[in-house]
Amino acid sequence: MAWETVIGLEVHVQLSTRTKMFCACRTTFGDPPNTNVCPTCLGLPGALPVPNAEAVRLGTRAALALGCTVHPVSVFARKNYFYPDLPKGYQISQFDRPLATGGRVAFESPERGRLEVGVTRLHLEEDAGKLIHDRFPGKTAVDLNRAGTPLAEIVSEPDMRTPADARAYLVTLRQILVYAGVSDCSMEQGSLRVDANISIRRPGAPGLGTKAEVKNLNSFANVERALEAERERQIGLVERGERVAQVTLLFNAGSGEVRPLRSKEESHDYRYFPDPDLPPLVLAPEWVADQRLALPELPDARRARFELAFGLPAYDARVLASEVALAEYYESVVAAGVEPKAAANWVMGDVMTSYNETGAFPVEASRLAALVTLVRDGVVSHQAAKRVYAELARRPDEAPGAAAERLGLLQVSDQGALAGWVDDVLSEHPAEVARYRGGETKLMGFFVGQVMKRSRGKADPKGVQPVLQEKLR
Amino acid sequence: MSTAALARATGERLAAADAAGLNATLHWSQAQLDAEAARVDAMPAPGPLAGVAIAVKDNIVTTDMPTTCASRILEGYVSPYDATAIRRLRAAGALVAAKANMDEFAMGSSTEHSAFGRVRHPLDPSRVPGGSSGGSAALVAAGVVPAALGSETGGSVRQPASFCGVVGVKPSYGRVSRYGLAAFGSSLDCISAFGRTVADAAGVLSAMSGHDPLDSTTLDQPPMGVPGPLADLRGLRVGLPREYFPADLDPGVAAAMERTSAALRELGAELVEVSLPHSAYAVPTYYIVAPAEAAANLARYDGVRYGPRHIGPGGDIRALYQATRGQGFGPEVQRRILVGTYVLSAGYYDAYYRKAQRVRALIADDFRRVFEGGFDLLLTPTTPTPAFRAGEKTADPVSMYLADVFVCAISLAGLPALSLPAGRSEGLPVGAQLIAPFFADERLLAAAMTLEGIIAPDAEVR
Amino acid sequence: MSIGRDEVLHVARLAELAVDEADLDRLVAQLNGIVDYVARLDQVPVDGATDLFLPGPREVALREDVPGPVPLARPPAAFAPEFADGFFLVPRHGAMEEP
């Protein structure tokens with residue numbers, strides 16, 4: 001009998017500020033331990049928090065980008081628990097009055113088509129420090145550089161039904177947040193962290209099953225793997241007649257297994273109450289409206305515009321809109337006069353290959369546009385243009401036409417030259433010539449390819465075919 | 001007198017007070033005083049407090065002396081930064097002379113709950129000086145320093161001022177930065193001042209006051225001015241809240257209040273009975289709100305980053321937490337942490353904490369209504385009795401809490417108030433409390449200075 | 001409402017306070033005294049009263065995102081109970097361990 005899986009995600013993203021959430025220490029990653037610390041983030045007697053305006057702005061931007069309602073009044077609260085990475089013995093977070101509620105993220109689910117997942121809430125909070133267990137025998141080392149770093153916690157509704165949904169949601173969420181410029185969302189550096197809640201139930205059953213929380217998910221692929229493993233574990237339990245217990249699990253990426261975290265005794269009673277050190281956060285509606293106006297076009301809107309305005313296939317539009325830089329580059333190439341589909345092919349091909357490797361664009365958009373125009377005008381062949389592109393990447397000052405000329409890659413349509421390459425090819429392939437003449441005319445493509453190869457891409461393919469037909473008659 | 005000579009004289013008085021067994025200081029040294037004098041002398045211009053030696057309650061952090069909050073859990077701790085109040089006092093030319101003994105973490109009303117021994121009342125060593133700022137009050141009362149810093153959470157400056165016969169002023173919440181005051185009840189805590197006179201206390205408060213970008217709860221207002229006494233108090237309407245004059249009020253206190261009322265009338269003020277019905281619930285409200293905030297505020301004392309560390313059986317992190325905190329905090333602090341944890345815990349929050357916040361709003365509303373009804377000040381006794389004997393209330397925590405019955409409500413409402421010496425009952429000082437509307441600190445001080453001019457504080461009232 | 005021994009021990013665990021078994025009965029009695037006393041707020045009608053009373057500013061003032069923390073006159077090594085190679089040290093986690 002089938003089971004339905006119900007998944008909700010809690011995502012923490014580090015907001016791209018220069019200083020911490022409640023003190024003016026730097027948020028630099030990788031500094032020597034306990035150097036970016038002050039009385040406030042060390043939790044020294046008498047120190048007090050003062051919120052960072054930029055963290056509030058970025059949190060608001062993130063909330064608006066996710067379609068949330070940003071509340072005119074939200075309240076910082078203390079979440080009380082003891083842990084050596086938590087200097088004050090409480091985390092300043094937001095509890096019953098968060099910054100924003102009620103958003104949604106729309107994306108293409110690999111199995112279920114277009115899907116919308118609700119965003120329950122987005123709230124601001126401070127990060128904890130870092131614990132290192134393997135450096136000193138018998139000791140845990142505490143580094144508080146990260147303590148107090150501003151985070152937005154984004155809680156989804158339990159709207160996902162498969163581990164693949166969860167992954168697709170995360171990919172889209174990250175795109176939106178990077179687009180909005182609120183976080184670099186790097187899982188490697190820990191600026192995006194994911195906890196997943198998962199339960200199973202019979203399809204159509206009312207209510208939710210007992211959920212487990214899976215932590216330690218350090219890549220999107222591992223989110224999917226961990227949720228698959230936990231889904232199987234829960235189904236196994238229930239089908240053996242056992243019950244799913246409410247538990248926190250850790251995913252081991254090496255073994256692909258989830259296992260229960262030793263329980264933090266008593267940790268469920270966080271005794272939240274409004275932080276008396278911090279009056280309410282009050283945001284003027286006009287300011288929130290300004291933040292909404294200041295948002296860039298988001299990935300979904302850009303994708304739709306690429307389809308509509310440029311006539312791109314849905315796949316192309318989605319790939320090109322997936323990252324701000326890629327989309328901007330693509331639009332620059334089109335703006336320089338290149339036919340949109342031709343530009344898309346180029347950007348999704350050689351350009352994206354190098355962008356994915358280096359994170360940069362080795363050939364600026366205007367030079368790529370000039371190169372594509374040479375192809376359109378028959379000055380260089382498509383094949384030759386790829387070699388010219390590689391050359392342009394090495395020589396930032398050279399114009400595409402000059403490069404093609406220097407490399408001898410200008411397209412040749414001179415009948416004499418073409419006839420020479422055709423003769424060479426035909427004499428090298430007597431068997432194919434015989435077969436062609438015997439009626440196997442689909443070999444024309446083969447001969448054209450050979451001529452192009454022989455000319456090292458310089459032959460004008462449109463001119464080659466008539467010469468071949470003439471000589472094969 | 002030169003600043004150096006003043007520092008030496010202050011040192012001699014501190015040494016004498018210590019020798020007399022007052023136990024009012026926790027840290028001071030002549031070398032430290034001399035260094036302060038040299039620093040003040042090197043200032044390009046003398047500040048408004050040039051050469052004024054000030055004792056500081058030991059829950060206000062200083063870089064040049066330890067800050068222990070009179071607790072074993074901070075024994076030997078020296079802060080790596082100065083409180084904003086300390087920075088401003090130093091900038092005004094004051095000498096930070098000594099750290100004063102107190103109830104541990106400011107929790108108490110008698111300064112018997114110090115980990116380093118109780119403070120003696122300067123006039124009668126068998127009695128308490130009040131608390132929790134008892135060391136500061138005793139040092140001013142004994143003439144060791146002209147002014148001292150205390151802190152108020154629920155009356156911890158006004159109450160010992162009353163017991164010791166000095167002036168104790170609590171400013172409006174948010175007038176003086178809390179940055180560097182070890183937090184007890186953050187929504188209540190106010191650095192406050194003791195002085196021999198209202199002017200002494202006012203000068204100190206003025207120097208410390210004003211917006212601090214490091215404290216989100218300070219008011220975005222310029223520093224408080226120091227007013228002078230008025231010619232009279234004609235036109236001033238003073239309310240006498242009937243809930244603060246119970247039938248069983250100590251006769252000495254009642255007599256001192258009669259005397260104060262008469263003095264106010266003599267100055268031309270109009271006295272009218274008013275009502276603050278919710279003040280009856282101030283003490284229970286306070287003993288929910290303050291412990292709840294304290295339970296969170298004192299969580300940072302965990303033996304991880306500073307302070308002495310103890311590790312119990314098991315040797316793990318919880319053994320460190322529980323032994324450090326179990327051995328480091330005294331019994332009253334532990335009781336309040338437990339109560340505060342309890343009232344915030346799952347299932348009890350609404351019944352206790354949320355309820356107390358609502359009653360707090362009603363208590364504050366009573367004051368607002370009376371002041372908006374045309375009253376400028378309120379007059380009440382500061383304490384129900386003069387200084388009680390040491391040991392009298394230590395066995396029953398609630399009886400100790402009731403020593404603050406007349407001061408608590410004002411703290412909950414965040415209002416400015418002061419205690420002014422109003423005579424003596426069988427030799428023991430009795431204080432009169434004046435309360436002003438929010439942010440009317442200067443009006444309060446001016447009226448108190450005027451009243452101070454015609455009340456003989458040492459006269460027997462019975 | 002009254003607090004029993006188990007409840008006191010539970011709260012003590014939440015607050016990470018070691019409670020001496022010998023003191024427990026007295027502590028339970030004292031806490032009951034305090035809780036019974038504050039429970040008299042039950043009598044107070046509070047309809048319409050706010051549960052977010054603010055003694056000071058109505059809204060929080062924000063800080064510009066400019067580095068410049070309050071400097072430390074002494075580094076963490078000077079006040080830490082145990083410190084090595086730039087780190088605060090604590091016993092390896094037992095009951096709270098996260099692998």
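## Basis of the model

This is a predicted model, in which local features need pLDDT of at least 70 and side-chain atom pairs count only at pLDDT 80 or more, while totals for chains, interfaces and linings use all residues. Residues are numbered from 1 along each chain as its sequence is written, and chains are lettered from A and ligands numbered from 1 in the order in which they are written.

## Chain A overall

Chain A has 16 helices and 16 strands. Helices (H or I, at least four residues) and strands (E, at least two) are DSSP runs, numbered from the N terminus. The C-alpha atoms of chain A fill a box of roughly 90 × 55 × 50 Å along the principal axes.

Of the 473 residues in chain A, 45% are buried. A residue is buried if 20 or more other C-beta atoms lie within 10 Å of its own, exposed if 12 or fewer, and partly exposed in between, with C-beta atoms placed from the backbone.

## Helix H13 of chain A

Helix H13 of chain A covers residues 415–428. At 1.5 Å a residue, its 14 residues should span 20 Å, and its end C-alpha atoms are 20 Å apart, which agrees. The expected span is 1.5 Å times one less than the number of residues.

A:Leu418, A:Trp421, A:Val422 and A:Val425 are buried in H13(A). They lie on the same side of H13(A) because they cover an arc of only 100° around the axis; the arc is that of the directions from the helix axis to the C-beta atoms. An α-helix has 3.6 residues a turn, so residues three or four places apart point the same way. On the other side of H13(A), A:Gly416, A:Asp423 and A:Ser427 are exposed.

## Strand S6 of chain B

In strand S6 of chain B (residues 190–195), 6 of the 6 residues are buried, so the strand is largely enclosed by the rest of the structure. B:Cys190, B:Ser192 and B:Phe194 are on one side, and B:Ile191, B:Ala193 and B:Gly195 are on the other.

Strand S4 of chain B (residues 147–152) pairs with S6(B) in the antiparallel sense over 6 bridges; two strands pair if DSSP finds at least two bridges between them. B:Leu149 has B:Ala193 as its bridge partner in S6(B). Strand S5 of chain B (residues 167–170) also runs antiparallel to S6(B), joined by 3 bridges.

## Contact between the chains

The contact takes 25 residues from chain A and 33 residues from chain B. Two residues are in contact if their C-beta atoms, placed from the backbone, lie within 7 Å. On the side of chain A that touches chain B, helix H1 (39–42) and strand S4 (76–80) of chain A each supply at least two residues.
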